[in-house]
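Trainee: I have a model open and would like to understand the terms used for it. Can we go through them one at a time?

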Amino acid sequence: MATPLTLSTDRDADGAPRLVAEGEIDLSNIAMFTEALTEASAGTRQPITVDMSAVKYIDSAGINALFNHVDEVDRLHLIVHPFLIRVLTISGLSEIAVVEAAAPPKDGG
């Protein structure tokens with residue numbers, strides 16, 4: 001059974017939009033994820049940060065949603081769980097968006 005996806009939007013200290021995702025991103029919740037991306041960046045051309053440091057699985061639907069969203073904003077900055085670096089690099093997303101590994105938890109867990 002897939003881990004449920006939870007999403008929240010916020011603003012960085014400079015006012016840039018931020019979307020935080022936790023869980024798994026797949027075909028079962030792609031509409032919710034796409035809507036959250038759209039809402040987070042609505043009304044601005046500022047770069048958007050998507051914090052997926054708590055996402056350990058993303059399928060092709062999620063990767064496609066990120067590709068599609070890059071076309072709608074000036075810059076997409078992804079902070080991802082280290083598990084996802086390879087798949088996002090192979091997909092080519094790291095060539096058109098900033099993709100960085102999330103820092104390990106301070107407690108080492």
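Trainee: What makes the crossing of helix 1 and helix 2 right-handed?

Mentor: This is a predicted model. A crossing is right-handed if the near helix is turned clockwise from the far one by less than a right angle. Helix 1 passes helix 2 in that right-handed way.

Trainee: Which residues make the contact?

Mentor: Helix 1 contributes I30, F33, T34, L37, T38 and S41, and helix 2 contributes A61, G62, A65, L66 and H69. By class, six are nonpolar, five are polar and none is charged.

Trainee: Why are helix 1 and helix 2 called roughly parallel to each other?

Mentor: Helix 1 and helix 2 (residues 60–70) pack at an angle of about 20°, and their axes are 10 Å apart. Angles under 35 degrees count as roughly parallel, and helix 1 and helix 2 are therefore described that way.

Trainee: How does helix 1 lie on the strands?

Mentor: Helix 1 (residues 30–41) lies across strand 1, strand 2 and strand 3, running at about 170° to strand 2. Angles over 145 degrees count as roughly antiparallel, so this one does.

Trainee: And what is the angle of helix 3 to strand 3?

Mentor: Helix 3 (residues 82–91) runs at about 100° to strand 3, and lies across strand 3, strand 4 and strand 5. The range 65 to 115 degrees counts as roughly perpendicular, so that term applies.

Trainee: What is the strand order in the open sheet?

Mentor: The five strands have the order 1-2-3-4-5, with mixed pairing. Strand 1 (6–11) and strand 5 (98–101) each have a single partner strand, so one side of each is left without a neighbour in the sheet.

Conventions. Residues numbered from 1 in each chain as written. Predicted model: local features only at pLDDT ≥ 70, side-chain atom pairs only at ≥ 80, totals over all residues. Heavy atoms only, no water. Pairing = 2+ DSSP bridges. Helix = DSSP H or I, 4+ residues; strand = E, 2+ residues; numbered from the N terminus. Contact = heavy atoms within 4.5 Å. Axes fitted to C-alpha atoms, helices over the stretch in contact; angles between N-to-C directions. Nonpolar A, V, L, I, M, F, W, Y, C, P; charged D, E, K, R; others polar.
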